Amino acid sequence: MTKTSLHLLKGVGYLISTASVILLAIVSWSSASESALLTACLIGGAAFSIVGMFCRWLTYQIEKHWSDN
């Protein structure tokens, strides 16, 4: 496996993880929407998870840029 294909695979993995967080949030919405606290926790948890995955993906982008130079 080349370095580029490994990098692409990491990006695809993060996209799949993001989609799974969104799908799980959709499924949980009906019961979480009954309470303001649960709604906030669901939205906050999903958002933190997605932002965390974006930060990890961004570090791979930066590392790839540094290694290419």
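Trp57 counts as partly exposed because its relative accessibility is 31%, where partly exposed denotes the range between buried (under 20% relative accessible area) and exposed (over 50%), computed with a 1.4 Å probe on protein chains only. The model is predicted, so local features require pLDDT of at least 70 and side-chain atom pairs count only at pLDDT 80 or more, whereas totals for chains, interfaces and linings use all residues. Residues are numbered from 1 along each chain as its sequence is written, and side-chain values use heavy atoms, with hydrogens and water left out.

Two aromatic pairs are found in a search of the whole structure. In one of them, Phe54 and Trp57 adopt a tilted arrangement, with 5.8 Å centre to centre and 35° between the planes. For this assignment, rings of Phe, Tyr and Trp (its six-membered ring) pair if their centres lie within 6.5 Å; planes under 30 degrees apart count as stacked, over 60 as edge-to-face and the rest as tilted. Phe54 and Trp57 are three residues apart in helix α2, and are therefore separated by about one helical turn. An α-helix has 3.6 residues a turn, so residues three or four places apart point the same way. Phe54, at 46% relative accessibility, is also classed as partly exposed.

The protein chain contains two helices and zero strands, assigned as DSSP runs numbered from the N terminus (helices, H or I, at least four residues; strands, E, at least two). Its radius of gyration is 16 Å, well over the 11 Å that the globule rule gives for 69 residues, so the chain is more spread out than a compact globule; the radius is taken over C-alpha atoms, and the rule is 2.2 Å times the number of residues to the power 0.38. The C-alpha trace spans about 50 × 20 × 10 Å along its principal axes. Of the 69 residues, 16% are buried. The accessible surface amounts to about 5200 Å², with 74% belonging to carbon and sulfur atoms; such areas come from the Shrake-Rupley method with a 1.4 Å probe, and for residues only the protein chains shown count as cover.

Helix α2 comprises 33 residues (36-68) and reaches 48 Å from its first C-alpha to its last, close to the 48 Å expected at 1.5 Å a residue; the expected span is 1.5 Å times one less than the number of residues. The buried residues of α2 are Thr39, Leu42, Ala46 and Met53, and their cover includes α1.

Among contacts with a separation of 6 or more, 60% involve residues 24 or more positions apart. Thr18 lies in α1 (residues 3-32) and is buried at 18% relative accessibility. Beyond its neighbours within four places in sequence, Thr18 is in contact with Ile50 and Met53.

His7, also placed in α1, is buried at 16% relative accessibility. Residues up to four places away in sequence aside, His7 touches Tyr60, Gln61 and Lys64. The side chains of His7 and Gln61 make a polar contact at 3.1 Å, defined as a pair of N or O atoms within 3.5 Å; within protein, one must be able to donate a hydrogen and the other to accept it, and residues adjacent in sequence count only if both atoms are side-chain atoms. Leu8 of α1, by contrast, is exposed, with a relative accessible area of 59%. Leu8 and Tyr60 are 52 residues apart in sequence and 10.0 Å apart in space, C-alpha to C-alpha.

Terms used: Contact means heavy atoms within 4.5 Å.
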